[in-house]
Number of protein chains: 2
Amino acid sequence: MTRETVIALDGMGGDHAPDVTVQGAVDAAGPNLHILLVGDSDTLAPRLDALAAQPGHRFVEIVHAPDKIFSTEDGARAVRSKPESSVVVACQTVRDGRAQGAVSLGHTGAMMAAATLHMRRIPGVQRPGIAVVLPSRAGFIVLIDAGANADARPEHLQQFAIMGRLFAQGVLGDPAPKVGLLSIGEEEGRGSELIQQATPLLREIPGFIGNVEGRDIPRGTARVVVTDGFTGNVALKLYEGSAEFLFSEMRAAVTETLIGRIGGLLIRPSVGRMRDRLDPEAVGGAVLLGVRGLAVIGHGSGSATAVANALHTAARGAREQVVDRLAAELGESPGSLST
Amino acid sequence: MTRETVIALDGMGGDHAPDVTVQGAVDAAGPNLHILLVGDSDTLAPRLDALAAQPGHRFVEIVHAPDKIFSTEDGARAVRSKPESSVVVACQTVRDGRAQGAVSLGHTGAMMAAATLHMRRIPGVQRPGIAVVLPSRAGFIVLIDAGANADARPEHLQQFAIMGRLFAQGVLGDPAPKVGLLSIGEEEGRGSELIQQATPLLREIPGFIGNVEGRDIPRGTARVVVTDGFTGNVALKLYEGSAEFLFSEMRAAVTETLIGRIGGLLIRPSVGRMRDRLDPEAVGGAVLLGVRGLAVIGHGSGSATAVANALHTAARGAREQVVDRLAAELGESPGSLST
């Protein structure tokens, strides 16, 4: 009964493309997941052929796109000036119904622009939002909006909550996610004007638990943390940066003494397992929600495993019909949600 | 030539008051730093007497304040209804010129309200801002505003930059601090409307390096990170929470195996030294800038050492005349700074 899942991959995007994209595509592909590998076929074909012995190989199809967008370009402008770039063509396969989602590890701004322009917004969605998966003491959580919009209105936050909740259900597998509004005090009435205006709208969302604070992100107090794209992007980058900083300080401190170095060797496997467990790339990057297809944006530095994970995330979202459910839900309450 | 430094301490504020406050006062006090220990004298006197053998003892004077504010109360309201509470009386000693600064480990909202109401704003300051000291790869940095105001206007951000810069010079000892505006992309023109309007105003500040991102906080790219109180408070609490989370996950991972436990024991001293080095309490809590006196807000859970550090921070700020320099600087450019 399930239709075959097809996901498009921007084969040219990311710091280590096309090697990791081709490998990740083959790793993820199988009878239930077909991959459209989009990019310059002269570049991609020999790399794909080299993996012909791997079982996923025959479920990967190259879609030619002669051009590519570089990380130094302005994303939105490049998407307009390069209609034959790999990221644009990947999003077009979704628009044309050939794929249900698209993945890129390239330029975030370009992927967002390409997805918005070519997949187009779901009717009723005022602003697509970026959902990112973050580790917490209570497992993975989702933060939305992680930077699609620098300024938000209260209704946008309400829509982000709806989108984040469906994402947490469909992709994180939490049937009844708790939803929190990121603010600066748990009491109602605290927080910015935006928060105060958004709170009554958020109260309509099932599972809404009220305000949460910055420290509730690592605590996992809410499965879905709703915020504007400015605060969300600051929080995302600070969270990533804190982990980098603490691990590097710890490495430096431990290697200062011989005893410390020995201890460091002994804990290395445990710490490695912990880092793998907390790595949000296991769940596969950031997802632009609110467009007519799943648009997954991976870390530019991602490995083949990260590529495969991002493809699996997109596939899971497609199977769980996150986009259709989102369209249905946002269409159901036009009164409170339309501008 | 230097006048004697006198700092008032809210003896009743904090989770472990009055024990840690009395001890911290005696630890910090000396010929160059007199402490006014404010609170119920029946409670404080016997505890202070018990430390009579310690050298700092004779530089601590009790100032009676019969009342106290509890952490469950609404801060602003309690400050008005309890004029004889320890935090209010501590701030009044600054207003009356008996002390140059006040320290409380109690209710943040109450200390802010008491400082604003009783020390009063420096003429020309539109909004006092909370400066917090945070660890980074490049040493301690200051984030301002960490939550005094939930909403900010561009001129407020400019004033926070001026205040943060003077604080970094006077308290962190950086003669030429770099100043960054927290945003969601390093390129100009990115960021919220607030950021775009504030950028030209920030360009007037010496040492301004443009936009910084969330990850630049742990990297220490700027010595002074300027932001609105909403984003700043989210960032502060997320940064604290990330460290708690990563240390607890690491402890859990390491203790899963016997080898890990042995390794954990071996690295413990190194990690302890690292945590001490990164502990912002070494620099002493958050400071409300923009009022006519130094108002230092310590962590409620702080130890006697944290109390002493907060007192030293206040004293250092007083000796460096941070408040006078702030008044001079904000008075100098009334054209661009007044409402």
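A residue counts as buried if 20 or more other C-beta atoms, placed from the backbone, lie within 10 Å of its own, as exposed if 12 or fewer do, and as partly exposed in between. Helices (H or I, at least four residues) and strands (E, at least two) are DSSP runs, numbered from the N terminus. The model is predicted: local features need pLDDT of at least 70 and side-chain atom pairs count only at pLDDT 80 or more, while totals for chains, interfaces and linings use all residues. Residues are numbered from 1 along each chain as its sequence is written, and chains are lettered from A and ligands numbered from 1 in the order in which they are written.

**Helix α4 of chain B**

Helix α4(B) (residues 86-95) is largely enclosed by the rest of the structure, because 9 of its 10 residues are buried. These are S86(B), V87(B), V88(B), V89(B), A90(B), C91(B), Q92(B), T93(B) and V94(B). Among the elements of chain B that cover them are β1 (5-10), β2 (33-39), α3 (75-81) and α5 (108-119). Just after α4(B), G97(B) has a positive phi of about 80 degrees.

**Helix pairs**

In the table, axes are lines fitted to C-alpha atoms, for helices over the stretch in contact, and angles run from 0 to 180 degrees between N-to-C directions.

| Pair | Angle | Axis distance |
|---|---|---|
| α4(B) and α5(B) | about 35 degrees | 9 Å |
| α9(A) and α10(B) | about 125 degrees | 9 Å |

Two residues are in contact if their C-beta atoms, placed from the backbone, lie within 7 Å. On the α4(B) side, the contact with α5(B) includes V87(B), V88(B) and C91(B); on the α5(B) side, it includes A110(B), M111(B) and A114(B). Its residues divide into 9 nonpolar, 2 polar and 1 charged. Here Ala, Val, Leu, Ile, Met, Phe, Trp, Tyr, Cys and Pro count as nonpolar, Asp, Glu, Lys and Arg as charged, and the others, Gly among them, as polar.

**Between the chains**

Chain B has 49 residues in contact with 49 residues of chain A. On chain B, α9(B) gives the most to this side, with 20 residues. By class, the side of chain B that touches chain A has 24 nonpolar, 13 polar and 12 charged residues. Where α9(A) packs on α10(B), the contact is made by E249(A), M250(A), A253(A) and V254(A) with I267(B), S270(B), V271(B), R273(B), M274(B) and L278(B). That contact comprises 7 nonpolar, 1 polar and 2 charged residues.
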